[in-house]
Number of protein chains: 2
Amino acid sequence: MSTEALIEQLLSDAADVSGDSAVATLHALLDDSTIEDDAAPIGIAEAADLVGLTPHTLRYYEQQGLTRPGRDASGYRAYSAADLRRLVFLARMRLSGMPMRELRRYIGLVEQGDATTGERRAIMIEQRERIRRRVRELNLALAATEYKIRTYGGHP
Amino acid sequence: MSTEALIEQLLSDAADVSGDSAVATLHALLDDSTIEDDAAPIGIAEAADLVGLTPHTLRYYEQQGLTRPGRDASGYRAYSAADLRRLVFLARMRLSGMPMRELRRYIGLVEQGDATTGERRAIMIEQRERIRRRVRELNLALAATEYKIRTYGGHP
DNA sequence: CTAAGCCTTCGAGCGCGCTCGAAGGCAAGA
DNA sequence: TCTTGCCTTCGAGCGCGCTCGAAGGCTTAG
């Protein structure tokens, strides 16, 4: 099951993202073991498919310094398990509204090694704040939208 | 759910009383019932201030056919209570991720009169789905982000 | 041997939603 | 009267995140 499919499944468990099955699915998504370490590297089309992006976008991310996949004998990109895990992470962070700029900064720290985990954590905490704020905005807009719907439903 | 309920919801989000949420609070409080119908029209700067947009943006919205404020003796835009209510609505819908395109379509229907309320309602229902979906995405990303934070916190 | 279909690089273009600057009009205070 | 400051229109520019097309190379099927 591809990441995209997993996300689809999660989103369609509409009732509760906090429910047990959703959490289990999420762990599957987050857990490294979902992508086997010893799997053979795959081509760009397959990788793109797996994470729900296009080959164009994957090349773009690489050009932006977010990934550095290996190459096969023909010079084609070869995405390893680690590369795929990073792509999954990038896709999820983009989806949550994290700007490319921040992602570049974060990946830069990752490539500098363990000494930067503190700073990385800080970035993720900022990111959490961004998401929470956005959720609050959306709940407000949702209330307004439901008000409109109800208004059209009967009594103006 | 009118102003009262929105306020209640705001209170439940009361954790952060930062500037950003002040804007959200303003938007909520400016629900239709809080703008008095007989208030004198106001200038573009004041209107922009009131709804948390810039005069540039207000002119842009007008150029896009979303508003049609009156003019004073000097040819300056004069936003009436009705104009302001519409601006508040537009701002809230934009904030919730409704595309300009949809908003143009919706306002077009509004200007066609009462015969279009059914179609308008349908648009708002689509919009509700968009928001709900986005909230679900964000909750998912939030869980992933918190997982990262926890991981850096100590036990990998 | 050829053609299909994937891959490569590079640079340009696009859709969105603003955002800004230029050039000038009008109003009110020192 | 002059200056300050907000207003007008118009069109261009920008930041983001892709998205696409051109021109060509490798590989496999027929």
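A polar contact is taken here as a pair of N or O atoms within 3.5 Å, where within protein one atom must be able to donate a hydrogen and the other to accept it, and residues adjacent in sequence count only if both atoms are side-chain atoms. The structure is a predicted model, in which local features need pLDDT of at least 70 and side-chain atom pairs count only at pLDDT 80 or more, while totals for chains, interfaces and linings use all residues. Residues are numbered from 1 along each chain as its sequence is written, chains are lettered from A and ligands numbered from 1 in the order in which they are written, and side-chain values use heavy atoms, with hydrogens and water left out.

Contacts with DNA strand C involve both protein chains. For M100(B), a polar backbone atom is placed 3.4 Å from a phosphate oxygen of DNA strand C.

The surface near DNA strand C has eight nonpolar, four polar and five charged residues, where Ala, Val, Leu, Ile, Met, Phe, Trp, Tyr, Cys and Pro count as nonpolar, Asp, Glu, Lys and Arg as charged, and the others, Gly among them, as polar. Its largest share, four residues, comes from α4(B). Helices (H or I, at least four residues) and strands (E, at least two) are DSSP runs, numbered from the N terminus.

Over all chains, 22 salt bridges are found, each a side-chain nitrogen of Lys or Arg within 4 Å of a carboxyl oxygen of Asp or Glu. One of them joins R77(B) and E62(B) at 2.5 Å, N to O, linking strand β2 with helix α4 of chain B across 15 residues. E111(B) and R86(B) form another, at 3.0 Å; E111(B) lies in helix α6 and R86(B) in helix α5 of chain B, so the pair ties together parts that are 25 residues apart in sequence.
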